[in-house]
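Here is a short briefing on one structure.

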Amino acid sequence: MVERSEKGSYARKDTEFFKVYLPEFSSRKLVIPPAFVNILEKLLPNQVGLLDEIGRLWKVETKTEEGVGDVVFKKGWEKFANDHSLEFGDFLVFSYDGVSRFSVKIFDKNGCKKYLVAVTTADRSRVAVEKEPVLVKPVDDISTKRCGKSRKRVSVKEEPSGNRVIHPCEMGCVPENKKHKGFEEPVYKPKNPHFVRNITDCFRQMEIPTTFLKSNGIEMGEDFELCDENGKKWPMKVVIHDRGQRFSPGLWLSFYRSHKLSTSNKCLFEFIVRSDGTCNQVLVRIFRGRMLNTVTINSYQVLAM
């Protein structure tokens, strides 16, 4: 049964709207649908919180633009978009609590929910958690081995004004049995055009961003090779579809299973481009559970160097 308020309108515990992410229009600000703004009983506060599905909170400014009168997410929105690696066609659902917070669900353009991992930028001071943020502090004279170095063990203490600080060694550490030959750990700096992609639940699809190919002047042939961190080569084909190009689903699945990829992983694809602009080899580097410092360029992610 639908409850009604004393005024005769439908009682809302929350209100929702959706947006499709288009980098040309949405990378620096996001226009809130006017129809949504009009149904609110009171104006949005000047600052709201955007809460993702794993409990992280971003503070974002709301602003009415002069002339057009649109209400937008402004200061803080670009950071939210970058930290969630938003790409062209991503589908976002915003649920408003009626006070000052929006819960955000993010779906990939393939229809699957986007898997969220740790923040991908170095500036973590802007991120809070849904509960009380905590600060990690060192404890004197207690040491342990990690990443081949001796460091102090840390304990967690509640601090009402802080955020959880992760030890740099934890961010860059890869267990010895997880390391691959061919690339230096823990830092790798690609020398060729590249992009970074999350491994999603829809693992059969790995698209090559159209904007990446155009901005780097790369022309893909039908056949090329993937070269992993051990130097092993995997035959691959390009498949043309309505939105651009992607790896052959069957051949990509073989690579995926052989390397035991999961949704906590990220892949860096580095394209070896010939002088004529063609590419027949792509180096693949796998990051397993590590936080990467990335930036968005033309709707695709690259390492920040």
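The side chains of His 84 and Asp 52 make a polar contact of 2.9 Å. A polar contact is a pair of N or O atoms within 3.5 Å; within protein, one must be able to donate a hydrogen and the other to accept it, and residues adjacent in sequence count only if both atoms are side-chain atoms. This is a predicted model: local features need pLDDT of at least 70, side-chain atom pairs count only at pLDDT 80 or more, and totals for chains, interfaces and linings use all residues. Residues are numbered from 1 along each chain as its sequence is written, and side-chain values use heavy atoms, with hydrogens and water left out.

- His 84 sits in the loop between α3 (77–83) and β6 (91–96). Helices (H or I, at least four residues) and strands (E, at least two) are DSSP runs, numbered from the N terminus.
- His 84 has a relative accessible area of 3%, so it is buried. Buried means under 20% relative accessible area, exposed over 50%, and partly exposed in between (1.4 Å probe, protein chains only).
- Arg 197 belongs to strand β11 (residues 194–198). Its relative accessible area is 9%, so Arg 197 is buried too.
- The side chains of Arg 197 and Glu 87 are joined by a polar contact of 3.4 Å.
- Leaving aside residues up to four places away in sequence, Arg 197 touches Glu 87, Asp 108, Met 206, Glu 207, Lys 266, Cys 267 and Phe 269. Contact means heavy atoms within 4.5 Å.

**Aromatic pairs**

- The whole structure holds 26 aromatic pairs. Rings of Phe, Tyr and Trp (its six-membered ring) pair if their centres lie within 6.5 Å; planes under 30 degrees apart count as stacked, over 60 as edge-to-face and the rest as tilted.
- Phe 17 and Phe 102 pair edge-to-face, because their ring centres are 6.1 Å apart and their planes stand at 75 degrees.
- This pair links distant parts of the chain: Phe 17 is in strand β1 (residues 15–20) and Phe 102 in strand β7 (residues 101–107), 85 residues apart. Both residues are buried.
- Phe 224 and Phe 247 form a tilted pair, at 5.6 Å centre to centre and 55 degrees between the planes.
- Phe 224 lies in strand β13 (residues 219–227) and Phe 247 in strand β15 (residues 244–247), so the pair ties together parts 23 residues apart in sequence. Phe 224 and Phe 247 are buried.
- One aromatic cluster includes Phe 224, Trp 234, Phe 247, Trp 252 and Phe 255.

**Helix α6**

- Which residues of α6 are buried? They are Trp 252, Leu 253, Phe 255 and Tyr 256.
- These residues lie on the same side of α6, because they cover an arc of only 165 degrees around the axis. The arc is that of the directions from the helix axis to the C-beta atoms.
- The buried residues of α6 pack against β13, β14 (233–241), β15, β16 (265–273) and β17 (278–288).
- Leu 253 is in helix α6 (residues 249–258). Its relative accessible area is 8%.
- Leu 253 and Gln 205 are 48 residues apart in sequence, yet 8.5 Å apart in space, C-alpha to C-alpha.

**Cysteines**

- The structure has zero disulfides. The cut-off is a pair of cysteine sulfur atoms within 2.5 Å.
- Cys 227 is buried at 10% relative accessible area. Cys 267 is buried at 0% relative accessibility.
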